[in-house]
Amino acid sequence: MKTPKRNLKQLLICCLVAASNLLFSQGLIQQTVNVLRQNASHDTLVGCGSYELMKHADKIQSGFLKAANQYLENITNENANRKKTSNGIMQIPVVFHIVYNDTSANLADSVIQDQLRVLNESFRRQNTDTVNTRADFKPIVADSEIEFVLATTDPAGNPTNGITRTYSPTKYFGGVLPYDQTQAQQIQNWLNDSLYYNYFRITQDSLGGRSAWNSLNYVNIWIGDLRIFEPKFNNFEELVYFGLATPPANHPNWPTTIYNELAGFQEGILLHYPVVGSNNPNTFPAPYVPYNSLVKTGKMLVHEMGHYLGLRHIWGDGNCTMDDFVDDTPRASAASQYNCNTTLNTCVDTIMGMDLPNMIENYMDYSSGNCQNSFTQGQINVMRNVIETRRPYLIGIKSFKNSPESLFSYYPNPTSGKVTLKFNDTDTDATIHILSIDGRLIKTQYITASSKAELTLGSQSGLYIIQVQSESEVFAFKVLKK
Ligand SMILES: [Zn+2]
């Protein structure tokens, strides 16, 4: 990867950035993102795009953020009343979709397995660095009892190792910026109109990515090159986000219009390929070299999984007045700067009678992965509650079965477009998903107290997967549309 030659104006920007006590120089898009953001300079770091995605959703449907915060607050209040969510290990199937143009992004299985190890150790508080959690925080941190396993069956019921590999003609899922640095307004419009659409192309076969496996049943994790290519800016390859996650499925007020706008937008987590695993051979080129020692620990997925399961950033994406809606996390006036600064206590708060310092140990901070080792009990309550109420099928479905004869029959197959499901039980409740052959969800249909369901396949001819989902199992079979 070539390091771009930087012109005088850029150098000036770099100096200003350095002078304002920021660690790393930034590119053109980052400058504009900063202008769009109303927050303080801490947001100029490369970070995570999850909150920005929520703000984007709020722009499309006003009130989204407010509803999202209210939702979190309700969970916290509810937990305060009943003290604890359900006990026991929750096991969640995950699938990693590796989408690569350059072979260096086609990560080895060993990197994915290492990433899964870090994810599980972190969620189960089994990582060796938990000894570094400061004494004041020891009473509030815990084992989430949430575990992640590589999927063993795909949406059609076939065996899988939980990793898909897709070559893509698309090199930069951040997109290609058609403007130069004199076109600030156009860049701002481009960011508003195109950036998230560009990223989420990775979740769609037809846009150079890999379509999701039914997100009700799997956590989809896409790995690819999330940089933006800037041909009119000395071919700069700009990194704005290490990763991002969509908020919980069926999130109250998650705008349906965002689905339309993003044309096939899929739920899941997106990661820039060098941040995956702690044994990843890829490194960040200039000007992002300093991140190599700070974020290549495999903890970025822990952070994004926290978002996927409902958590906000620990500093509330604002100053001391902003809350993350979790009672036992201390407030902070800003994100950490990818460091491990234990001297800061930027906000006054009272947790168990103490004014706790900034919690750089928390996975939901922007501290270095080298000092992140904890979720608090309050955060764990939120995540478990979100799984139980918003993503229940992630833990409810133990296996996919492909021999449904004892429960129902289906006909005709092949078909010209319609399929009838006939249940042996006359009082069946089920959720039926129609998926494309690669596992992309096309539509969902619910039946209640019925013996029959009439399904209409998609417009294209070819094979379709039908999933019939009860509370604890999924039956899957294929039908051919002529
Ligand atoms: Zn984040």
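Predicted model: local features only at pLDDT ≥ 70, side-chain atom pairs only at ≥ 80, totals over all residues.
Now to the metal. Which protein atoms hold the zinc ion? The donors are SG of Cys48 and the NE2 atoms of His303, His307 and His313, at 2.0 to 2.2 Å from the zinc. For those of you who like geometry, the angles among the four donor atoms run from 97 to 124 degrees, and the site is tetrahedral. As a reference, the ideal angle for four tetrahedral donors is 109.5 degrees.

Along the sequence, the spacing of the donor residues reads C-x254-H-x3-H-x5-H. Two of the histidines share an element: His303 and His307 are both in helix 9, residues 299-308. They are four residues apart there, about one turn of the helix.

Next, the disulfides. How many does the structure hold? There are two, and with the bonded cysteines counted along the chain, they follow the pattern 1-3, 2-4.

Take Cys320 and Cys347, whose sulfur atoms are 1.9 Å apart. The torsion about their S-S bond is about -90 degrees, so this disulfide is left-handed. The pair links distant parts of the chain, 27 residues apart, with both cysteines in the loop between helix 9 and helix 10 (377-389). As for accessibility, Cys320 is partly exposed at 27%, whereas Cys347 is buried at 4%.

Then we have Cys340 and Cys371, with 2.3 Å between their sulfur atoms. This link is left-handed as well, with -95 degrees about the S-S bond. Cys340 and Cys371 each lie in the loop between helix 9 and helix 10, so the pair ties together parts that are 31 residues apart in sequence. Here Cys340 is partly exposed, with a relative accessible area of 36%, while Cys371, at 9%, counts as buried.

Key. Residues numbered from 1 in each chain as written. Heavy atoms only, no water. Donors = N, O, S within 2.8 Å, 3.2 Å for Na, K, Ca; no water. Tetrahedral: all angles 85-135°; square planar, octahedral: opposite > 155°, others 65-115°. Disulfide = S-S within 2.5 Å. Buried < 20%, exposed > 50% of the residue type's maximum accessible area, 1.4 Å probe, protein only.
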